[in-house]
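Me: Could you walk me through this structure, one feature at a time? I would like the general idea before each case.

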Amino acid sequence: MEMSSNSECFGCGRPGHWVKHCPNASGTRGRGRGRGRGKACYNCHRSGHISRDCKEPKKEREQLCYTCGKAGHMARDCDHANEQKCYSCGGFGHIQKLCDKVKCYRCGEIGHVAVHCSKASETNCYNCGKAGHLAKECTIEATA
């Protein structure tokens, strides 16, 4: 198979040869034009390759807290918990699981979620919200 004059090597980006015959290849085949070229490796911080192909020993990366982004602790132990935003009420200082303003979609009451609902054994219609029947048996017309 011949290489067309306007084709470029996927390893170095230069025309005239295939990646398998590239004089600049590091022994691994590229996955796209200039694999790692111009970007620093996350492992050794040098350019020319990506961290997966790095010859240096793999460095352990420190785990960061998801709440504040700092190292040394996990989100559940974070001192910045008052900065956590609740996805249910939009307030700060707690998460949805601990929100006292959360509304149960099963019974409609405030203060708990459906998984903790005491009325879990009751079947509610998704159409009208009333207990005792399913949406396919509902006599009230669905509103979309």
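Me: How much helix and strand does the chain have over residues 85-101, and how far apart are the end C-alpha atoms?

Reply: Helices (H or I, at least four residues) and strands (E, at least two) are DSSP runs, numbered from the N terminus. Over residues 85-101 the chain is 0% helix and 0% strand, with the end C-alpha atoms 13 Å apart. Residues 103-119 are likewise 0% helix and 0% strand, and their end C-alpha atoms are 14 Å apart. For the protein chain, the tally is zero helices and zero strands.

Me: What kind of model is this, and how are its residues numbered?

Reply: This is a predicted model, in which local features need pLDDT of at least 70 and side-chain atom pairs count only at pLDDT 80 or more, while totals for chains, interfaces and linings use all residues. Residues are numbered from 1 along each chain as its sequence is written, and side-chain values use heavy atoms, with hydrogens and water left out.

Me: What average pLDDT does the protein chain have?

Reply: pLDDT is the predictor's confidence in each residue, from 0 to 100. The protein chain averages 75, and 80% of the residues score at least 70. Over residues 28-36 the pLDDT is below 50, yet this stretch has 23 contacts in the model beyond near neighbours in sequence; a contact means heavy atoms within 4.5 Å.

Me: Where does UniProt place the feature "domain: CCHC-type"?

Reply: UniProt positions are given in the numbering used here, feature names are shortened, and annotations may be inferred rather than shown by experiment. The UniProt record, an unreviewed entry, puts this feature at residues 9-24, 41-56, 65-78, 85-101, 103-119 and 125-138.

Me: How many disulfides does a search of the whole structure find?

Reply: A disulfide is a pair of cysteine sulfur atoms within 2.5 Å. The search finds zero. Take Cys128: the closest cysteine sulfur, in Cys125, is 3.8 Å from its own, which is too far for a bond.

Me: Is Cys78 buried or exposed?

Reply: Buried means under 20% relative accessible area, exposed over 50%, and partly exposed in between (1.4 Å probe, protein chains only). Cys78 is buried, at 7%, whereas Cys128 is partly exposed, at 27%. Across the protein chain, buried residues make up 20% of the 144 residues.

Me: Which residues form a salt bridge?

Reply: A salt bridge is a side-chain nitrogen of Lys or Arg within 4 Å of a carboxyl oxygen of Asp or Glu. The structure holds one: Arg46 pairs with Glu56, their closest N and O atoms being 2.9 Å apart. Arg46 is partly exposed, at 48% relative accessible area, and Glu56 is also partly exposed, at 34%.

Me: What is the phi of His45?

Reply: Most residues other than glycine have a negative phi. His45 is not a glycine, but has a positive phi of about 65 degrees. His45 is exposed, with a relative accessible area of 59%.

Me: Which residues does Lys119 touch?

Reply: Leaving out residues up to four places away in sequence, Lys119 touches Arg106, Cys107 and Glu109. Lys119 is partly exposed, with 30% relative accessible area. Lys119 and Ala131 are twelve residues apart in sequence, and their C-alpha atoms are 9.9 Å apart in space.
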